[in-house]
Amino acid sequence: MSIVIGLDIGGSTTKIVGLEDGRLISKERVKASDPVASAFGALGKFLSQNNLDLKSIERVMMTGVGATYVRGDLLGLKTVKTAEFRAIGLGGLFVSGLREAIVVSMGTGTAIVRAAEREVEHLIGSGVGGGTLLGLSNRMINVRDFEMFNEMAEKGDLSNIDLTIGDITHEEIAGLPANTTASNFGKISDAASHEDIALGIVNLVFQSIGTSAVMAARQSHLREIVFTGNLTLVTAGKRVLNAFSELYHVSILVPDSAEFATAIGAALCPM
């Protein structure tokens, strides 16, 4: 048995996966107060959960902003830092099963790359991401918990928040359905509930990311866009992305294990 470990180390959360002969065998998530503790904790948890010893591990490949804080080898295992953009691209292709695509990594911010089997190119990034979503939620509705926010957004009504094409014209505009957003938060009502505002935040963040992704796809002459990262766990956000698929005639994919894609990509990176 020869397993390659992939680590995506964030500021407080680390995702860890194991690949054996190119096959995903396990995935875990660990939270800790600092990235070094998170990395060691993730590796220890992975070994324990899968009844593995250190001899089973060929090497550890790590990426993410927290990887810069890790010095030397983890638990004596050969440990290699790899470029995050490459990990994003390779991981997106792995979880989607595609050979070439635009891959969008939605973490605290957003990174967009063009990925092919032999080349990954960073196209553009955005400060709009999970940090924006939770920051606005904290300030506007005093909710900081991701799971609670997700549940609230599912109960929201955008008609109390966003201005649509149908609100500003009675005539049909070619290619733009009446429910297309004309202005995020452009119609926020005094009667808007916290759930409505949560959904409005989701719509704002995911439409901003989706717009950048569609433009990147058009620039690269590609139709396939793969979304990865923690924000893929936002249920209402997936519906926003699906609407982009219909509006702009692109193929939107949010694959299984999308939140672990960068960790998978790290494990796939060559030495």
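**A surface residue and its surroundings**

Modeller: With a relative accessibility of 39%, L75 counts as partly exposed, because that class lies between the limits of 20% and 50%. This is a predicted model, and in it L75 sits in the loop that runs between strand 4 (57–63) and strand 5 (79–81). Together with F40 and L54, L75 makes a nonpolar surface patch of about 240 Å².

From the patch we can turn to the pockets. The largest pocket holds about 950 Å³ of space. It is lined by 39 residues, and T13, K15, G107, T108 and N230 are the closest to its centre. Helix 3 contributes the largest share of this lining, with 4 residues, and by class the lining of the largest pocket divides into 14 nonpolar, 16 polar and 9 charged residues.

The second largest pocket has a volume of about 570 Å³, and of its 23 lining residues the closest to the centre are N179, T180, T181, Q207 and A243. Helix 7 gives the most to the lining of this second largest pocket, namely 8 residues, while the classes there are 10 nonpolar, 9 polar and 4 charged.

Most residues other than glycine have a negative phi, yet the phi of H249 is positive, near 55°. H249 is exposed, with a relative accessible area of 60%.

Conventions:
Residues are numbered from 1 along each chain as its sequence is written. This is a predicted model: local features need pLDDT of at least 70, side-chain atom pairs count only at pLDDT 80 or more; totals for chains, interfaces and linings use all residues. Side-chain values use heavy atoms; hydrogens and water are left out. Buried means under 20% relative accessible area, exposed over 50%, partly exposed in between (1.4 Å probe, protein chains only). Patches are made of residues with over 30% relative accessible area and no salt bridge: like charges are joined within 9 Å, nonpolar side chains (Val, Leu, Ile, Met, Phe, Trp, Tyr) within 5 Å. Accessible areas come from the Shrake-Rupley method with a 1.4 Å probe; for residues, only the protein chains shown count as cover. A salt bridge is a side-chain nitrogen of Lys or Arg within 4 Å of a carboxyl oxygen of Asp or Glu. Helices (H or I, at least four residues) and strands (E, at least two) are DSSP runs, numbered from the N terminus. On a 1 Å grid over the protein atoms alone, a cavity is a set of points where a 1.4 Å probe fits but cannot get out, and a pocket is an open set with protein on both sides within 12 Å along at least five of seven lines; lining residues have an atom within 4 Å of a point. Grid points are joined across faces, edges and corners, and a volume is the space filled by probe spheres set on the points. Ala, Val, Leu, Ile, Met, Phe, Trp, Tyr, Cys and Pro count as nonpolar, Asp, Glu, Lys and Arg as charged, and the others, Gly among them, as polar.
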